[in-house]
Amino acid sequence: MKGDYRPDKVLTRNKPNLMIHRKAFPMKQSTAKWLWAMVMITPPLLAQQSAQHPPAPCTIRSVEFDGWQAKEVANDWVRLTFVPQLGGRLMQVAFDGHSYLFVNPVYKGKYISPDEAGGRWINYGGDKIWPLPEGNADEQHWNGASTALDDGDYTFAIVSQSPRCIVRLQGPPDKPTGLRYSREITIGSDSPEVFFHAITKNISGHSITWSVQSVSQYDLADANDPKRYNHDFWAFAAINPNSAYLNGYHVYDGFATDPSFKRGGGLFRLNWKYLENEVWLDSTAGWIAVVDGATHYAMVEKTKYFAGANYPGKATVIFYKNGPSLRMTADGMPQLTSTSLEETPFYMEAELNSPMAVLAPGETYTMDSQWFPTRASHAQIDTVTDAGLVIKPLTAVRAAENIEISGGFGVFFPGELRVFMYDAEGTERYEIPLESVRPQDAIDVHQTIAASPGIARISVHLIDTSGLDRGALGEVSLTTSDEQR
């Protein structure tokens, strides 16, 4: 059931753990014997997990979705549903039974061709790509209407089905922009990671300049009452410390004092409220995160940031909030626009921009991005790493010959958390496996581990089921309980 948050899926670590003696280090003889015995009698956790629960191969099949003929690409974690006819849209992403994307109920099962649209923008919802900058002043701006790019009938092709599922959606040529879009989407069988490879091609006989934008519409309706919006939905991006924008962000449209916007801890924090607004960030971190505090599901979108590149309006990230806005009547009086859910539904667009690309005739430009669905025990986050979402930063407090560690995380890959321990000279001394973890579980670590007095620093890494180190979720120097007070 959508939005079914189960408290038992928050994993709290309170168990004693084995310690692997990696390098020689002075310690009591009795301690060394105990550590060696634990290594000898405890089988590797990852080997056990992989042998007992091998992932099923990913699949590709034809399905019906909300009245449309669709294609489904799925694995044990994630299910992607595409409707090629609707501009090649990815209409829905489901992870662990939770659906993320907005699907416009007004157009379910319908298709309105660009010719029939007559210049209107037909918003079906879902996820797609389109060009920037937007506007109607000249040919170097895209007017945002229903065109071959956004509403053309795309072809669907299977590029590969083993060991990874790769599909390609290719659109028709669009004469006004000179562009032709295609996008390849990849999933494997060992994680919920989704990889997007967007290709823009100049099909005209002259040079053109465009940015490509990934546009994801997230559903903001309350899971229990669709006539209300979710008051605990958040979006995050890292603020550029050398931002060209006042306050680290630029309100392009809507109220500059919109109560949705907050900042703190180096992050821009958006708590969604039902007011139309568009805000731009020149973030250099290459990620955005959305967290549903009501259901504890999260999504992280990533793309590469290119230092020194020319981004449209300097913006690398854009958040658009759909909602009513203030307009002036013919007699100069302010008036709030429609709050009808049919006309103004609950959704937010999370947008990642590429740099502006100059394309000669026949040239192509590519933009790669990744999605990582995961869980979050709280609506607020601290940062994003290669390994996962950091909800509560890692802490490590020494007490006698033990270290008390804690932290809250959402991981991007199944595997196990391991603690790496370093002495004051930065030499790695020990590696301690904590426990197996999964992306569908919010992880709350509270652990006491044995450690020699010489340990000065620790880090916690995610090791996936193949044994690959996916990176750190945190690294800290040890403190004492007195320093914590």
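**Exercise 1.** Which backbone oxygen does the side chain of Asn202 reach, and at what distance?

*Solution.* The model is predicted. Start with the place: Asn202 belongs to strand E12, residues 194–202. The side chain of Asn202 reaches the backbone oxygen of His206, at 2.7 Å. Then list the neighbours beyond four places in sequence. Asn202 touches Gly178, Ser207 and Ile208, and also Leu359, Ala360, Pro361, Gly362 and Glu363.

**Exercise 2.** Classify Asn202 as buried or exposed.

*Solution.* Relative accessibility is 1% for Asn202. Buried means under 20%. Asn202 therefore counts as buried.

**Exercise 3.** Locate Asn240, classify its burial and find its partners.

*Solution.* Asn240 sits in the loop between strand E14 (233–238) and strand E15 (250–253). Its relative accessible area is 13%, so Asn240 is buried. A polar atom of its side chain lies 2.9 Å from the backbone nitrogen of Asn242. Leaving out residues up to four places away in sequence, Asn240 touches Asp282, Ser283 and Thr284.

**Exercise 4.** Identify the residues that make the nonpolar surface patch of about 280 Å².

*Solution.* Phe255, Leu326 and Leu336 make this patch. Now place one of them: Leu336 lies in strand E23, residues 334–336.

**Exercise 5.** Find the mean pLDDT of the protein, then the pLDDT over residues 1–44.

*Solution.* The mean is 89, and 88% of the residues reach 70 or more. Over residues 1–44, pLDDT stays under 50. For this stretch the model has 89 contacts beyond four places in sequence.

Conventions: Residues numbered from 1 in each chain as written. Predicted model: local features only at pLDDT ≥ 70, side-chain atom pairs only at ≥ 80, totals over all residues. Heavy atoms only, no water. Patch = residues over 30% accessible without salt bridge, like charges linked within 9 Å, V, L, I, M, F, W, Y side chains within 5 Å. Areas by Shrake-Rupley, 256 points an atom, 1.4 Å probe, with all protein chains shown as cover. Salt bridge = Lys/Arg side-chain N within 4 Å of Asp/Glu carboxyl O. Helix = DSSP H or I, 4+ residues; strand = E, 2+ residues; numbered from the N terminus. Buried < 20%, exposed > 50% of the residue type's maximum accessible area, 1.4 Å probe, protein only. Polar contact = N/O pair within 3.5 Å; in protein donor to acceptor, adjacent residues only side chain to side chain. Contact = heavy atoms within 4.5 Å. pLDDT = per-residue confidence, 0-100.
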